[in-house]
Amino acid sequence: MEEQLKELKKEALEEIATVSDFNQLEAARIKYLGRKGKLTAFLRTLGNLPASERPRLGRLANQIKEEIEKALQEASLKTQKIASELKGKKDLIDVTQPGLREPLGHLHLVTQAIFEIERIFSQLGFYRVRYPEVETDWYAFESLNMPPNHPARDEWETFFITPQIVLTPHTSSGQVREMEKGKLPIKMINLSKCYRRQSDVSHLPMFHQFEGLYIDKKVSITQLKGVFDYFAHEFFGPERKIRLRPFHFRFTEPSFEVDIDCSLCKGRGCRFCKAGWVELGGAGMVHPEVLRAGGINPEEYSGFAFGWGVERVYMMRSHLKLPDIRLIYKNDLRFLKQF
Ligand code: DAH
């Protein structure tokens, strides 16, 4: 019995000597002095001992208990000291430590696309312009050969401020405004916001278009095709092909829709594109009536124009199959950080 007690004391004091934090200290206390602790268990069995042994072993056990308590107290002071030293270290200011950087954002994906489109056309000598987002009926429709009540206007789901004032429904509104500056030749890219009364998974009430207008003497369809080829190779990749498909717009004659070969199936035809081509946007040779509206003599000058959607071409390039195009303007960082 006595040997066991001495063993217990040795074990306890050795363990307590290695304690370095409050959790270990508490664990040691419970292990020896807790309700189910080793020494407590021994004290409980004292009653079973022969009466001759009881007083001596009882005294010894109590003595050991006191020693363990004392050791625990010392260990407690030690752990407090360690803890406050650690805290002291934390509170110290290291003046040589580099500062914390503020998180740095980046340009919105549409701004990135706009800058790139601007760069590509500037290499061909096109300069960027911007025209009002609130526009008169004249520039938005009438000057573009769409007289009042003409059914073609229905294609532009227009926001009306008053019967004569609209939110610019397309960048084509900038064509006659540019002509009115009176400088020829014209080689503009009007890259601006447009508004239409549409909001669903594939339409935004506010979006961007880029409108090219080239007016000079003897401008031809061949040049139009050359400019589109250049843009397609720069923006989508050198292996891509475009084609012109006859169409009808009131402000161009002839008019085309411009398609680019589908990058997923390489023009063979797949579920995404159906027939191997996907539509980029509209284009054509500027209608003589539009030139006249801008004060330019159609006998002397000719030109081509095109108007395509920024969000649309960007999504076509990156194969973004957004479940909802409105995500682009939701300002959700989890989405925006990916671009
Ligand atoms: N403005 C037309 C639209 O928003 C696109 C367009 C078609 C622009 C033909 C043009 C053009 O300059 O020639 O749908």
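What follows is a conversation about helix packing and aromatic pairs in a predicted model.

Colleague: What should I know about the model and its numbering before we start?

Modeller: Residues are numbered from 1 along each chain as its sequence is written, and side-chain values use heavy atoms, with hydrogens and water left out. Because this is a predicted model, local features need pLDDT of at least 70 and side-chain atom pairs count only at pLDDT 80 or more, while totals for chains, interfaces and linings use all residues.

Colleague: Why are helix 3 and helix 4 called roughly antiparallel?

Modeller: Helix 3 (residues 38-45) and helix 4 (residues 54-91) pack at an angle of about 160°, with their axes 11 Å apart. Angles under 35 degrees count as roughly parallel, over 145 as roughly antiparallel, 65 to 115 as roughly perpendicular and the rest as oblique, and therefore helix 3 and helix 4 are roughly antiparallel to each other.

Colleague: Which residues make that contact, and how do they divide into nonpolar, polar and charged?

Modeller: Leu39, Phe42 and Leu43 of helix 3 make the contact with Ala61, Asn62, Ile64, Lys65 and Ile68 of helix 4, where contact means heavy atoms within 4.5 Å. These residues divide into 6 nonpolar, 1 polar and 1 charged, given that Ala, Val, Leu, Ile, Met, Phe, Trp, Tyr, Cys and Pro count as nonpolar, Asp, Glu, Lys and Arg as charged, and the others, Gly among them, as polar.

Colleague: How do you know that helix 2 and helix 4 are roughly antiparallel?

Modeller: Helix 2 (residues 22-33) and helix 4 pack at an angle of about 170°, with their axes 10 Å apart, and helix 2 and helix 4 are therefore roughly antiparallel to each other. The residues of this contact divide into 8 nonpolar, 2 polar and 3 charged.

Colleague: What makes Phe228 and Phe306 an aromatic pair, and why is the pair called edge-to-face?

Modeller: Rings of Phe, Tyr and Trp (its six-membered ring) pair if their centres lie within 6.5 Å, and planes under 30 degrees apart count as stacked, over 60 as edge-to-face and the rest as tilted. Phe228 and Phe306 are 5.1 Å centre to centre with 85° between the planes, so they form an edge-to-face aromatic pair. Phe228 lies in helix 8 (residues 221-236) and Phe306 in strand 10 (residues 302-309), so the pair ties together parts that are 78 residues apart in sequence.

Colleague: Why does Phe228 count as buried?

Modeller: Buried means under 20% relative accessible area, exposed over 50%, and partly exposed in between (1.4 Å probe, protein chains only). Phe228 has a relative accessible area of 1%, so Phe228 is buried, and Phe306, with a relative accessible area of 1%, is buried too.

Terms used. Axes fitted to C-alpha atoms, helices over the stretch in contact; angles between N-to-C directions. Helix = DSSP H or I, 4+ residues; strand = E, 2+ residues; numbered from the N terminus.
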